[in-house]
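Visitor: I would like to learn how to read a pocket and a strand. Where do we start?

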Amino acid sequence: MSSLISDDEIHHEIGLVWLEDVTDLDYVRQSLDRLPTRRGKPAYHRPGRLVGYAQLGPKAKPSHASGTFRRRVFWLLPHDRDADPAGLYATGAPAEAVDPATLTAGTKGRKTDRSEGTPSTTQA
């Protein structure tokens with residue numbers, strides 16, 4: 001879950017790669033996966049689709065036990081708001097969801113009115 005990702009777990013990120021335009025996505029799910037490399041598109045084994053992933057710098061060290069790197073991946077499930085606007089997440093968002101507009105390398109992002117599916121409280 002997003003709230004369980006700490007800043008020290010992602011401080012070696014040097015970039016985020018988006019596989020699709022996230023401008024119109026209210027939220028993406030993020031998780032830390034154990035991956036065999038610092039960079040490159042990871043294999044994806046969840047339902048739904050991979051939306052993006054983080055790339056790690058050369059100072060990122062693999063796990064001593066597994067030799068893998070913990071990297072963030074961003075993904076959506078078939079029942080998420082982008083595919084089913086009136087469905088389960090018409091309002092609210094999954095625990096691991098963040099607004100992609102708040103994401104940069106090394107920052108975990110946050111929920112916003114947009115990601116929660118609620119009208120903005122600011123007026124133009």
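Guide: Start with the elements: helices (H or I, at least four residues) and strands (E, at least two) are DSSP runs, numbered from the N terminus. The model is predicted: local features need pLDDT of at least 70, side-chain atom pairs count only at pLDDT 80 or more, and totals for chains, interfaces and linings use all residues. Residues are numbered from 1 along each chain as its sequence is written, and side-chain values use heavy atoms, without hydrogens and water.

Visitor: Which helix gives the largest share of the lining of the largest pocket?

Guide: Lining residues have an atom within 4 Å of a pocket point; a pocket is an open set of points on a 1 Å grid over the protein atoms alone, where a 1.4 Å probe fits, with protein on both sides within 12 Å along at least five of seven lines. Here helix α1 (residues 7-10) supplies that share, three residues.

Visitor: Which strands does β2 pair with?

Guide: Two strands pair if DSSP finds at least two bridges between them. β2 (residues 28-35) runs antiparallel to β4 (residues 69-76), with seven bridges. Gln30 has Phe74 of β4 as its bridge partner. With β5 (residues 97-98), β2 pairs antiparallel over two bridges. There, Val28 partners Val98.

Visitor: Is Glu96 buried or exposed?

Guide: Buried means under 20% relative accessible area, exposed over 50%, partly exposed in between (1.4 Å probe, protein chains only). Glu96, in the loop between β4 and β5, counts as buried because its relative accessible area is 14%. In β2, seven of eight residues are buried.
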